[in-house]
Amino acid sequence: VKLMAIGDPQIRGGLTNYVLPKRYQLDIWGNDQFIGQIYRSMLKLHPTHAAVLGDLFSSQLIDDIEFQKRLLRYKTRLFPENLWPPHGFFNVTGNHDIGYNAEISRDALRRYEVAFGKADFITRYDNYSITVFNSLVLDEPGLDDSIRQETLDFLEHVSHDVKSSPAIVLTHIPLFKPEGYCADPPTFIVEEGSGALLKQTVLTTQSTELVLDTFFDRNNPSGVILNGHDHFGCDNYHYYNGQSWTVATYSEELARSTPGVREVTVKSIMGDFGGNVGLLSGIPTQSGQMEFKYSDCSHGPIQIWWTAYVSVCVFAIVLPLYFLFR
């Protein structure tokens, strides 16, 4: 396994019936080229899979016309379908794609799934599995309880046999951690009156336990969780202490001494966060498990890309003129 993990591209765009200023159009084009070039450079490492861990677009409120425009850019400029890795390209629902639970409607989910595939699914391989699921609907109350129930039914279904082999779990909202483990502290904002969930930085403790118990054996967990949402990224480790799941900052020493599950919140690929992409490698062991390694690959801020691009353009113009008039 060699999985390219991409966090929160949040590609921007315009609004239908509104002409964007030329400078903003250029900025959008440059951002597309920046992310697309990072993706193509990472393909030189020959990943077997790639995953975008939610927030594919910058807003869940765009209309269908603008949605289709961004979808075309996503599948041609950024992550061309003819350049997808051989074993799969996985898209994960993010709050900027379908909203938080108070906003998620059947129409919003249907629009996403027509464009990017199911919000909940599992792909099984010979000695491991990859699961994508919609963590945005786990914490209630939400707009449509039937959508939440579909994800709960999916998790119940996969829980029966997913623990029999190493599980790679891909989702958007990070698991619960006390303040200090990641850049974003635990935050939950609810609608006054209805109590509907308008915003969250992590899952609740109850949903966190549900996810861990669905995919991992408490005594001998095998696998890894990759998610996004917190643009700065963080790296943590969940293990069962005999009474409950607990969390610690990840270290190789802790992982060797204590059975547990590594959770990597992948730093964003956006230029303001260094153009980062994660690389997850999994090597089968003699015991039938899998040893996972994760590393960040930073490509630098978008300003470096613009400087290089402009320099090449200037050089391409000046050099012929030099030979023409010397």
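A nonpolar core is a set of buried Ala, Val, Leu, Ile, Met, Phe, Trp, Tyr and Cys residues joined through side-chain atoms within 4.5 Å. The model on display is a predicted one.

**First stop: the nonpolar cores**

Select Phe57, Tyr74, Phe79, Phe116, Phe215 and Phe216, the residues with the most contacts inside the largest nonpolar core, which has 55 residues. Helix H1, residues 22–42, gives the most to this core, with five residues. Apart from it lies another core, of 19 residues, and among them are Phe90, Val132, Val224 and Tyr294. As general background, nonpolar side chains in soluble globular proteins tend to be buried together.

**Second stop: helix H6**

Next, select residues 205–215, which form helix H6. Which residues of this helix are buried? They are Ser207, Thr208, Val211, Leu212, Thr214 and Phe215. Because these residues cover an arc of only 160° around the axis, they lie on the same side of H6. An α-helix has 3.6 residues a turn, so residues three or four places apart point the same way.

Centre the view on Phe215 to see its contacts beyond the residues up to four places away in sequence: Thr131, Phe133, Leu155, Val158, Val162, Lys163, Ala167 and Val169.

Select strands E10 and E11, which pair in the antiparallel sense over five bridges. Tyr237 has Ala248 in E11 as its bridge partner. Four residues lie between the strands of this hairpin, and Gly242 takes a positive phi near 105° there.

Select Cys182 and Cys234, which are joined by a disulfide with an S to S distance of 1.9 Å. The structure holds one disulfide. The torsion about its S-S bond is about 70°, so the disulfide is right-handed. This pair links distant parts of the chain, 52 residues apart: Cys182 is in the loop between E6 and strand E7 (188–190), while Cys234 belongs to strand E10. Both Cys182 and Cys234 are buried.

Cys297 is in no disulfide, and the nearest cysteine sulfur, that of Cys234, is 17 Å away. Is Cys297 buried or exposed? Its relative accessible area is 18%, and because buried means under 20%, Cys297 is buried.

Colour the open sheet whose strand order is E3-E2-E1-E13-E14, with mixed pairing. Its edge strands, E3 (89–91) and E14 (290–298), each pair on one side only. Neighbouring strands of this sheet are turned by 20° against each other on average, direction ignored.

Within the sheet, select E1 (residues 2–6) and E13 (residues 276–284), which run antiparallel and are joined by four bridges. Leu3 stands opposite Leu280 in E13.

**Last stop: Glu140**

Finally, select Glu140, found in the loop between E5 and H5. Not counting residues up to four places away in sequence, Glu140 touches Asn101 and Arg148. Display Leu197 as well: the C-alpha atoms of Glu140 and Leu197 are separated by 6.5 Å, although the two residues are 57 residues apart along the chain.

Terms used: Residues are numbered from 1 along each chain as its sequence is written. This is a predicted model: local features need pLDDT of at least 70, side-chain atom pairs count only at pLDDT 80 or more; totals for chains, interfaces and linings use all residues. Side-chain values use heavy atoms; hydrogens and water are left out. Buried means under 20% relative accessible area, exposed over 50%, partly exposed in between (1.4 Å probe, protein chains only). Helices (H or I, at least four residues) and strands (E, at least two) are DSSP runs, numbered from the N terminus. The arc is that of the directions from the helix axis to the C-beta atoms. Two strands pair if DSSP finds at least two bridges between them. Axes are lines fitted to C-alpha atoms, for helices over the stretch in contact, and angles run from 0 to 180 degrees between N-to-C directions. Contact means heavy atoms within 4.5 Å. A disulfide is a pair of cysteine sulfur atoms within 2.5 Å.
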